[in-house]
Amino acid sequence: MTATIARIATRPIRIPLLRPWGPDVRELSVIEVEVEDSDGGVGWGFSWTPTIGAAAVRAHLDHDIRAFALGREAEASALWDPLWTHLHEGGSGGITTIAMAGLDLALWDLAGRRARRTLTDLIGRRHETATAYGSGVNLHYSLDELTAQASRWVDAGFDAVKVKVGSPDLARDVERIAAVRDVVGPERRLMIDANQRWSLEQAERAVGELAAFDLAWIEEPLRADDLPAHVELRRRIDVPVALGENLHTRYRFAEFIDAGAVDVVQPNAVRVGGITPFLRIAELAADRGAGLAPHLLLELSAQLALALPGDHLVESVEDASFAALGALAAPSPVDVVGATVSTTGQPGLGVRFSNELTDAAASVSPTEDR
């Protein structure tokens, strides 16, 4: 008899950052999701915001998602489509898919734990190691802090690094990227990320000046929702465009790829709704000939990259993995040596958060139902 979902519980968590991502971004918000099936199997997943919407994500899980999922088959790919259809009235992405990811990841974890296999092996391993690139949320760093970070990436053995741009004064960006290129040398790949800060005209001008530093890609140059502007920008510039951390469905990824607006897609496995839709987006990108580089969440992204055909860079933000932040209750599912990432043999997702972490400020909310 097929096991069904018997219980869903949530726990709000705040994780202090070792390196603040800005004056007002000093911690990450996570909603841990625990699922138990009718045979007594348990799995753990999580939703990640990281700063906006955690309470709404938890409420969605505790009410709409729980009410629909209880009693249904405890299998991620069987649940995802009917759940998304059911929730679609409230929005096709954003809070909807971020909340869905918590349950999807928990169901994948449950399946892996039951089979005593890593997530990578459960999906189907294709590689033993993946390559990470050094990344920093560093637009607020001084020039000295930025070049020191770049030096640490070089010393750690990274062959590719990424730096934030989008300063109010373009001359500041030019000075900073020139300095980083000097530190990392001509042989390493250098990517830049504008985090949607530019208009079309600003992006064209900025990329025109920054392209002199041999850029591997420009990430999120424009507001993520503006497909026509991305199409026009890609027509005007020669630097490859990367985006996708703020696209939430495979339909939007298909639109951007088919319109010729993007060269490298960057799905965030939580924002798109979990592992189930991430794998579909990866297949879509491969079919369309687009590059793919999973966004953030190293412990999850690396395991997924190891199960995909082809080689895919994974993002390693300095001192920002769950392991580096001391957030895990058990050994990390991945091992990072320099720029090389491999799995450690933890069954399932392998991401369990420490019981010492909590969000004391979170509003009271029902946490489970049997």
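How are H3 and H10 oriented to each other? They are roughly perpendicular, a label for angles of 65 to 115 degrees.

This is a predicted model, where local features need pLDDT of at least 70, side-chain atom pairs count only at pLDDT 80 or more, and totals for chains, interfaces and linings use all residues. Residues are numbered from 1 along each chain as its sequence is written, and side-chain values use heavy atoms, with hydrogens and water left out.

**View 1. Helix H3 packs against helix H10.** H3 spans residues 95-115 and H10 spans residues 275-288. Helices here are DSSP runs (H or I, at least four residues), numbered from the N terminus. The angle is about 95 degrees, and the axes lie 8 Å apart. Axes are lines fitted to C-alpha atoms over the stretch in contact, and angles run from 0 to 180 degrees between N-to-C directions. H3 brings Asp104, Leu105 and Trp108 to the contact, while H10 brings Ile275, Thr276 and Leu279. Contact means heavy atoms within 4.5 Å.

**View 2. The largest nonpolar core holds 113 residues.** Such a core is a set of buried Ala, Val, Leu, Ile, Met, Phe, Trp, Tyr and Cys residues joined through side-chain atoms within 4.5 Å. Buried means under 20% relative accessible area (1.4 Å probe, protein chains only). Ile15, Trp21, Phe46, Trp48, Leu300, Phe322 and Phe353 touch the most other members. H3 gives the most to this core: ten residues.

**View 3. Helix H11 is mostly covered.** H11 runs over residues 298-305, and eight of its eight residues are buried. Among them are Leu298, Glu299, Ser301 and Gln303.

Notes. Helices (H or I, at least four residues) and strands (E, at least two) are DSSP runs, numbered from the N terminus. Angles under 35 degrees count as roughly parallel, over 145 as roughly antiparallel, 65 to 115 as roughly perpendicular and the rest as oblique. Buried means under 20% relative accessible area, exposed over 50%, partly exposed in between (1.4 Å probe, protein chains only).
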